[in-house]
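Subject: Structure handover

Hello,

Here is the structure for you to look through. My notes follow it.

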Amino acid sequence: MTSIRRTLVLMLVAAFTLVSFLAALNGYRASMARAEQLLDTQLRYAMEILRSTAAVPGAGGVAAEGSGEIVFQVWAEGHLQLQSPGAPAEPVAAFAPGLDYHNFAGYRWRTLTEEDSRGRWLMVGERADLRHLIAEQVVLEAVVPLLLWLPVAAGLIWVVVGWGLAPLRQLSAAINRKASDDLSPLSISAPPVELAPLVAATNALLLRLAGALQREQQFAAHAAHELRTPISVLKVHLHNLAQELPADSEALRHANAGVERMQHLVEQILDLSRTQPDLIQANFQGLDLHALARQVTADLWPAFAARQQSLSLAGKPTQVLGDPAMLDILLRNLLDNAGKYTPRGGEVQVAVEAVDGGGARLVVADSGRGVPAAERERVLERFYRSAGQEGAASTGAGLGLTIVQHITRLHHARLTLSEGLGGSGLGVTVEFPAPGGDEV
């Protein structure tokens, strides 16, 4: 993942390094030129000393002292009258006044030549390599510290950039603090100029989302009224029609099955809308999950008895924190799903038990056809039905387990699908966290 802070620091350090390099290069060249001027001035001082102190010895005279780094000669009428140790017998420079470079004694020399009032040629030379060495040492002593301070500069840039990005982190924290159902605008006072458009765009998006969710809720409410009424009317007409047709009428049986399927589908779609975590405000409270399961199994017992199916409940009182209405829908969908896909004479078991740490576990297992392991994740998708379910004589639309999954997430619980009774069928396990504890 790309980091804005890291990118900014790298770009600023690179720019700082480039500018420092160009400044150091320009400073090096200027310093070398200035050092050259100072050393030439020093060479002129040496020439002044030679002019004021030199005597006129006999031809070929040699001075008693000398460093070998600076040489001098005094020529008169083409004859060498005075020279320093290390100076050659030949002229070290041309008989022309001024500064120049010449090679002798295995080195390159900076030379200065002048003619005095007596007609003598005075020549002074200094090794060029030593001059450059001194100049470079002076320049490097000024440039190297600048380079060594680059890591310190990078650290300071990192801190300053982090401080500058603090409003962006505050905006991110404000968004993360919002609950899933909180679509109110962000309240950030006096945001930086660069963040103001982002805050405005985010608030505009939240307003559009709030409007869209409100329209979806209104649609669900209207659908509940508009769809349930005609279905109820159809059921009344079918009941009246049954009085005029034979009791074993195949057409009437198919019509009743179609209406029942339509009613079941409408109820599941409305349940799905009501159980969307982002659309509801949960009314959580402490409740006895075993008592709720006992009530739901009692309500649905007649339907199981009509299919000659065995329905049992095991366990003991167990407290959970949840929304009673949502958990009622969860249990009804699990039992409805188990009953539809369990053959006549089959068995459905419900168990409620406490788990370590104060949580609770709800298990609904049946002896039906079950779901292959490869398809267990997909049956949680909307309208998906496995191959085994497609062949079942049921009114299912593939929404029951999707609704269960939404309610499970709402309660921060964990949903697991496994094999059912006797190694066949389907087992659905919902593990609830302890009231007031961490999520499972």
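In which sense do strand β12 and strand β13 pair, and over how many bridges? Strand β12 (residues 414-419) and strand β13 (residues 426-432) are antiparallel, and six bridges join them. Two strands pair here if DSSP finds at least two bridges between them; strands (E, at least two residues) and helices (H or I, at least four) are DSSP runs numbered from the N terminus. L415 has V430 in β13 as its bridge partner. The hairpin of β12 and β13 has six residues between the strands, and G422 in this hairpin takes a positive phi near 65°.

Please note that this is a predicted model, in which local features need pLDDT of at least 70 and side-chain atom pairs count only at pLDDT 80 or more, while totals for chains, interfaces and linings use all residues. Residues are numbered from 1 along each chain as its sequence is written, and side-chain values use heavy atoms, with hydrogens and water left out.

Next, the aromatic residues. Rings of Phe, Tyr and Trp (its six-membered ring) pair if their centres lie within 6.5 Å; planes under 30 degrees apart are stacked, over 60 edge-to-face, and the rest tilted. The count by this rule is three aromatic pairs. One of them is W75 with F95, edge-to-face at 5.8 Å centre to centre and with 90° between the planes. W75 is in strand β2 (residues 70-76) and F95 is in the loop between β3 (79-83) and β4 (98-104), so this pair ties together parts 20 residues apart in sequence. W75 is buried at a relative accessible area of 6%, whereas F95 is partly exposed at 38%. Buried means under 20% relative accessible area, exposed over 50%, and partly exposed in between (1.4 Å probe, protein chains only). F104 and W109 form a stacked pair, 4.6 Å centre to centre with 10° between the planes, and both residues are buried. W75, F95 and W121 make up one aromatic cluster.

There are also charges over rings (NZ of Lys or CZ of Arg within 6 Å of the ring centre and within 35 degrees of the ring normal). The charged end of R127 sits over the ring of Y107, 3.8 Å from its centre. R307 lies over the face of F304, 5.2 Å from the ring centre.

Finally, W149 is in the loop between α2 and α3, and counts as exposed at 56% relative accessibility.

Regards
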